[in-house]
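Hi everyone, thanks for coming. Please have a look at the model on the screen, and then I'll walk you through a few spots.

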Amino acid sequence: MLFLVLLWCLEGKRSLYSYSGLSLGSIVFPSKKSPNMSASLSLCRRAHTVTVLFILTCVLVYVTLLEETPQDTTFNTKRGIVASILVFLCFGVTQAKDGPFTRPHPAYWRFWLCVTVVYELFLIFILFQTVHDGRQFMKFIDPKLGVPLPERDYGGNCLVYDPGNKTDPFHNLWDKMDGFVPAHFLGWYIKTLMIRDWWMCMIISVMFEFLEYSLEHQLPNFSECWWDHWIMDVLLCNSLGIYCGMKTLGWLSMKPYQWQGLWSIPTYKGKIKRIAFQFTPYSWVNFEWKPASNLRRWLAVLGIIFMFLLAELNTFYLKFVLWMPPEHYLVLLRLVFFVNVGGVAMREIYDFMDDPKFHKKLGQQAWLVAAITVTEFLIVVKYDPNTIMLPIPFFVTQCWFLGIFLILSWTLWRYVLNTMCGLWTAHKTYATGNVLNTMQRNTKCVE
């Protein structure tokens, strides 16, 4: 509750003005803000940049003049780094530019924008270290890190019913029912809310299982049973998550966006409902990717799918090269981070792709997420090039070459050959029209 009040106070006057009630294409705008909503604005809705600066200065003065500095270099280094990050977050939350999202509060998304910058700087720092120093640096975060850990092999005995085990013949199935099962469902539910397209979600889901098949010779973690790949992951967890996500998107697209000030609502039930709806979007945009409409959108969708798959692979490869166990809290924090920044990045990418005349540059969060994905992959390449360069089995290479060849062939046929044929047809039509006009003029001259 205190955190929400802080976000409310930091908002200021950034989102006091709303659109008039209308609908433009796939964008659903809320109705015009009522006078009661303006009257309900309190002190917490004003900008408090000076207040935050004053509080921050008081804290620094206290630490400098009244607190004795411990004679512990490691402790002081950690505290200095944390203090520097907190000062930057205070600046960003009050001064950074707002993104496309305003709920539950613009300050919330400004906070995650600043966290994105901090995470990218951390990755750059790790990238510029030696492999040994980078892994040992993780001990400053958690002393338990910095030691090699064996990966769990999900393959092995793939019998769903094991007649040799009289106690529990289905033990292989129960062994796979770990924390990753609900994680798969929840992950794809959230990804569907980000992408807002059933076909793209299913393509990414199936493609990642093919990647696991292709790279199981590099990471033992990718070695899973066939029914774990296609039944538990794709058909059950992923598909159910995508289905629930699409149902949620349908509800959000049909929901009326008419906002009313909290203090102008007479009943307590209405106030509670209004507080709950504060965590829903302020307005709604249906993503219509239309990848086959033109070459620009087709390449953009291919790039989005590629970056999604690369970010998924980075999850496994990063913890492998930095020696982090799958259950470590840093792995979970990274997933929470991408949950909060991924939706903003996808909205900015869609706006940039759908209306380049209005959105002339890629959004700040999308730019940072792309940079983070590439930086994570470069860390993987630097820290364990031997694993990355392990030769891919020949039949796997043939399958990928065939897939790439089919995509390139379809792209050339759809956007190059069809365009050339269209231009040639238009040229012939124009030339034929000129010949007919010339013949008609010559006939009139003879007459």
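**A kinked helix and some rings**

Let's start with helix α10, which has a kink of about 40 degrees centred on Asp 233; the bend at a residue is the angle between axes fitted to the seven residues ending there and the seven starting there. Helices here are DSSP runs of H or I with at least four residues, numbered from the N terminus. A word on the source: this is a predicted model, where local features need pLDDT of at least 70, side-chain atom pairs count only at pLDDT 80 or more, and totals for chains, interfaces and linings use all residues. Residues are numbered from 1 along each chain as its sequence is written, and side-chain values use heavy atoms, with hydrogens and water left out.

Back to α10: its 29 residues, 226-254, reach 39 Å from first C-alpha to last, close to the expected 42 Å, the expected span being 1.5 Å times one less than the number of residues.

Now, how many aromatic pairs does a search of the whole structure find? There are 22, where rings of Phe, Tyr and Trp (its six-membered ring) pair if their centres lie within 6.5 Å, with planes under 30 degrees apart stacked, over 60 edge-to-face and the rest tilted. Tyr 108 and Trp 109 make an edge-to-face pair, 5.0 Å centre to centre with 85 degrees between the planes. Ring pairs link both of them into a cluster, with members including Phe 101, Trp 112 and Phe 338.

Finally, in helix α15 we have Thr 387. Thr 387 counts as buried because its relative accessibility is 11% (buried is under 20% relative accessible area, exposed over 50%, partly exposed in between, with a 1.4 Å probe and protein chains only).

Key
Helices (H or I, at least four residues) and strands (E, at least two) are DSSP runs, numbered from the N terminus.
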